[in-house]
Amino acid sequence: MLAKAVFSLGLWLRFAAGQSTPGRGPQLPISNSEGDILFLLDSSGSVSYYEFSKVKEFMWDLVHPFTFGPKDVQTSIIHISTTPTMEFPFDQYLSRETLHKAIQGTQQLMGDTNTGKALSYAKEKLFSDGAGARPDVPKVLVWVTDGFSTDDISEPMQLLKDMGAMVFIVSTGRGNYLELSAAASQPPEKHLHFVDVDDLPIITKELRDAILDVIQANRLHAVDITSSSFHLMWPQLLSQETGYYTIEYAPTDYPARKRTKQVSGAHTSLILSNLAPETTYEVALIPESNIHYFPPQTTRVTTLAEEITPAQVFISESGPHSFHVSWAPTLDSVLGYQILYGPLPGNSVKLLEVDGRSNSTVVENLAPNTTYLVTVTATYRSGKEKSLSAKACTQEEGSKVRHLRFEDMGPNTLKASWDAADGKVQGYRVRCRRQTGPTSVISVSPQVHSVLLTDLASGTTNKVCVKPMYKNQPGKGLCRMVHVQPEAQEYKHRQRA
């Protein structure tokens, strides 16, 4: 298999009090993992200052979502240089803030690329209490290299893997694929990455997920976390015949609200539901075996904030007698929607009911040139209701400009004329988008049905649009392309397709 390569390559309004559109916040912390992660950092003179700084950014991006602590994730750095050096022990920086500063402050040592020496040194430190490493937790080695080493790496790397370390290699140079694929844990397509130093962010999530598989595999952890549930998973300790599991869980702030479930020894997962949003739960897995004693496993899981719908209401496709209403997001927890609409001002209100799986509907049989207040209410399966309102305007009936035409008025000048639109027109807006030169916008009174367009360059094609303006909103515009001939300033026009 060849080296794995990575290439870099309408209207809505919110009226409901206290509601806001959810934004994309920072990545949620990962709190259900435990392991010692050691970075083997090429700090030799073969690495430029720029490359070294990009690798430091990559290391922090890779680990920053983890929760750090004596029962969570610990990390350390060993420099590859003439003599290997540990930047800091595993148990020195146990918060995101202090670890971030420590990684930022790491200085390049220069010297030779003695990777074999660094691996032998890493084998001592990764399993050493004196370096802050812990027994009986997963061990992960992440080696970031430009692909070159001045000494042999095969023997010390194999010793590391034999002792249980999972080895991931990121090569930012022209490393020997056969050598590196043999050095990485198997299979190489999961544990070996070749990527340009500027493209390191491309592999960050994939590598982090692979590390997470290692440090979560041997303990109780949660996946598929929502605002009201999460999926517990644990290693297979028992069987149907040898015992069962007791799962205890309670909010951290209210331990007296502890709940208990039991499943057979054949299970390795369980979904806990009907949970409170934005709440941290303490969870314990107690294996009840009739053969061996297994210590309880614990984890801490925080549910997500409750999603609210509708968070956005959109009005589109407005006509004289109808408009389209849509909303977002669509949630499984919603039973159905009610759409209330009525003219403003006024007390007349009508109701539409829509299935909870839908996110839009068409409101029909409306009066033209009228402003409506539209309220979308979501009814949740729990009985709760959430509402959001928006204003919508129907168009004037027959509110389109007709018969737009042009007349030559001399050098670089045309006269645009049109037939009046229907209804109570407040005026017209004429936009001329020149092929060369600035776009101009002219507003005229409702009695005026023509304008002069000047400064039209010879040999250019220009777009002219006329739109009627009504009290509540613009009507439908009419656009044509007009061509100014190079010499005689004659013109021709065609309707926009």
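A salt bridge is a side-chain nitrogen of Lys or Arg within 4 Å of a carboxyl oxygen of Asp or Glu. The structure open in the viewer holds 9 salt bridges. It is a predicted model, in which local features need pLDDT of at least 70, side-chain atom pairs count only at pLDDT 80 or more, and totals for chains, interfaces and linings use all residues. Residues are numbered from 1 along each chain as its sequence is written, and side-chain values use heavy atoms, with hydrogens and water left out.

**First stop: R134 and D36**

Select R134 and D36, whose side chains meet in a salt bridge at 2.7 Å, N to O. This pair links distant parts of the chain, 98 residues apart: R134 is in the loop between α3 (115–126) and β4 (139–145), and D36 is in strand β1 (residues 35–42). Helices (H or I, at least four residues) and strands (E, at least two) are DSSP runs, numbered from the N terminus. Both R134 and D36 are buried; buried means under 20% relative accessible area, exposed over 50%, and partly exposed in between (1.4 Å probe, protein chains only).

**Second stop: helix α1**

Next, select K54 and E57, which form a salt bridge with the closest N and O atoms 3.7 Å apart. Both residues lie in helix α1 (residues 49–63), 3 residues apart, about one turn of the helix. K54 is partly exposed at 22% relative accessible area, and E57 is partly exposed at 45%.

Move to D355 and R357, whose side chains meet in a salt bridge of 2.9 Å, N to O. D355 is partly exposed, with a relative accessible area of 36%, whereas R357 is exposed, at 75%.

A cavity is a set of points, on a 1 Å grid over the protein atoms alone, where a 1.4 Å probe fits but cannot get out; lining residues have an atom within 4 Å of a point. The largest cavity has a volume of about 70 Å³, a volume being the space filled by probe spheres set on the points, which are joined across faces, edges and corners. Select its lining: L41, D42, V47, E51, F52, V55, V144, T145, D146 and T172. Helix α1 gives the most to this lining, with 3 residues.

**Last stop: the second largest cavity**

Finally, select E306, E307, I308, Y380, K384 and K386, which line the second largest cavity. This cavity holds about 30 Å³ of space.

How values were computed:
1 Å grid on protein atoms, 1.4 Å probe; cavity = no way out; pocket = protein on both sides within 12 Å on 5 of 7 lines; lining within 4 Å.
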